[in-house]
Amino acid sequence: MIKHLPLAWQRIRRSPYQALAAVSIMTMSLFLGSVFFLLAAGSQAVLTYFETRPQVNAFFKSDLVPTPQAVDLIKTNLQATNLVADVKYISKEEALKLYKELNKSDPLLLEAVTANMLPASIEVSAKNPADLKPIAELLKVQPDIDDVRFAEDIVSQLAKWTSSVRLIGFSLVGSHLIITFIIILLIISIKVANRRDEIVLHELLGATSGYISTPFVWEGIIYGVTGAFIAWGVSYLILLYSTPFLAGFLAGIPILPVSLWFMFSLLGGELLLGAVIGAVGGFLAVRRFLKV
Amino acid sequence: MISAQKLTKKFGNILALDAVSFDIAPGEFVFLTGPSGSGKTTVLRLIMRDLKPDAGKLVLFGPAKIHEYRRTIGTVFQDFKLLLDRNVYENTALPLEIMGAAAVDIDKAVKKALELMGLTARTDLFPAQLSGGELQRAALARAIVARPKLILADEPTGNLDPKTARAIVNLLTTLHSQLQTTIIMATHNADIVNHLDRRVISLDAGKVIKDTPKGKYD
């Protein structure tokens, strides 16, 4: 199979404009694929980050120091639901520490505050964000609980955004890849039609369909792989260029910079996708003309 | 080697062959003669398995798989079918490349075939740079390069001057006598047929009208 590669390369060199069109459309589609994949992966990472944060905070009455038995009872009740990933008790002292850490830049806010003024609380992470509401309801009816707050809206909004990015990305990239496939098919079909006499001669001289179609399949693979590499390179450059801005925007969410391993995995996926589209396009283009 | 029994072939409403029967033994040199449209090319295409008969039976030598079978045949096409973007050497090498022969063997066989056809000095030229006779010889070089058991030649002397035509046929007779290759040559060149004194199958309107061991052109 590899021996047909030089012939495929020769044919590409002899029709540079067709090759340029094929590589351009492949690059465009795979670039779009890269962008949406990075967006989807990024939004998924942000969502995961939020999902793993404490999502429900139940505050005890501020004039009360809960006994360990009372805290354990609430913990037991929560874990009995099987909806809870993690439960953490924050004492008044710990609450003060957190408060100080959060307001360390504003001494005025720290002056008059003591541990007694802050409520102890329980932080709960749900296994599934959809279960936040029943957990919150359960906490509300626990003894000595004064207030329950949870980030239901943020997480569910984020989940909606993530699934929208996936859906739009999948539809847009999918339709673009179909168009790319058709254009590759068309370009190689033109070449095959130009070489119809050659194909007939090869058949009459005893060539197998594999012998005839392999150079065209290689041609498609070369278009696909070249397009994938350019698309990946451009998207990586844009990502590197915009990392400082994005890192500031996503302050505290540790997803940037994107690891090299992740980017090379993306390159591998794109090369494979480009090669498959090119190969199948090339094969189908030549198959129509084969009789043997 | 080849046995045709009541072969019939239609193209739409046109009857190209009408119950044609003949047998060809290994090592025979046979002329297929007849006017244009008499069915000569159709017979050759059926032997090449480029067409299937509508009726009748055609028993052929060699492997069952089409591509393997065709590798045992050398064909000289009426329109040469030389690839315009390949030079004489590359065109001649094509059957061996298709067979997957080693580069060293290809080089040896191609040089020998081109020498036999007197084309050694034309090796690097492209078809557009060759004369009619040279094109015909290049096509013949490609047909013999893989040492086929059977050579099918469809009007190999068409459009050639008498001297060049005679030279081409001399090459074919040399191959036949030296290599015992079976040769089936479709022609309406009366001079050549009458000169060589070989078996002649005459066709007219898709029928065999005469089959004589040492025939003349009618």
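**A tour of helices, sheets and a chain contact**

Begin by selecting helix H5 (residues 132–144) and helix H6 (residues 162–179) of chain B, which pack at an angle of about 15 degrees with their axes 10 Å apart. Here axes are lines fitted to C-alpha atoms, for helices over the stretch in contact, and angles run from 0 to 180 degrees between N-to-C directions; helices (H or I, at least four residues) and strands (E, at least two) are DSSP runs, numbered from the N terminus. This is a predicted model, in which local features need pLDDT of at least 70 and side-chain atom pairs count only at pLDDT 80 or more, while totals for chains, interfaces and linings use all residues. Residues are numbered from 1 along each chain as its sequence is written, and chains are lettered from A and ligands numbered from 1 in the order in which they are written.

H5(B) and H6(B) are therefore roughly parallel to each other, a term for angles under 35 degrees. To see where they meet, show Gly133(B), Gln136(B), Arg137(B), Leu140(B) and Ile144(B) in H5(B) against Thr164(B), Ile168(B), Leu171(B) and Leu175(B) in H6(B); contact requires C-beta atoms, placed from the backbone, to lie within 7 Å. The residues of this contact divide into 5 nonpolar, 3 polar and 1 charged, where Ala, Val, Leu, Ile, Met, Phe, Trp, Tyr, Cys and Pro count as nonpolar, Asp, Glu, Lys and Arg as charged, and the others, Gly among them, as polar.

Next, move to chain A, where 4 strands form an open antiparallel sheet in the order E2-E3-E1-E4, strands being paired if DSSP finds at least two bridges between them. Strand E2 (84–90) and strand E4 (145–150) of chain A stand at the edges with a single partner strand each, so one side of each is left without a neighbour in the sheet. From one strand to the next, the twist averages 15 degrees. Select E2(A) with strand E3 (residues 121–126) of chain A to find the 6 bridges that join these antiparallel strands; Val84(A) has Ala126(A) in E3(A) as its bridge partner. Helix H6 (residues 132–140) of chain A packs on the sheet, touching strand E1 (56–60), E2, E3 and E4 of chain A, and its direction makes about 170 degrees with that of E4(A).

Finally, display both chains: 13 residues of chain B are in contact with 10 residues of chain A. On the side of chain B that touches chain A, the largest share, 4 residues, comes from H2(B).

How values were computed
Angles under 35 degrees count as roughly parallel, over 145 as roughly antiparallel, 65 to 115 as roughly perpendicular and the rest as oblique. Two residues are in contact if their C-beta atoms, placed from the backbone, lie within 7 Å.
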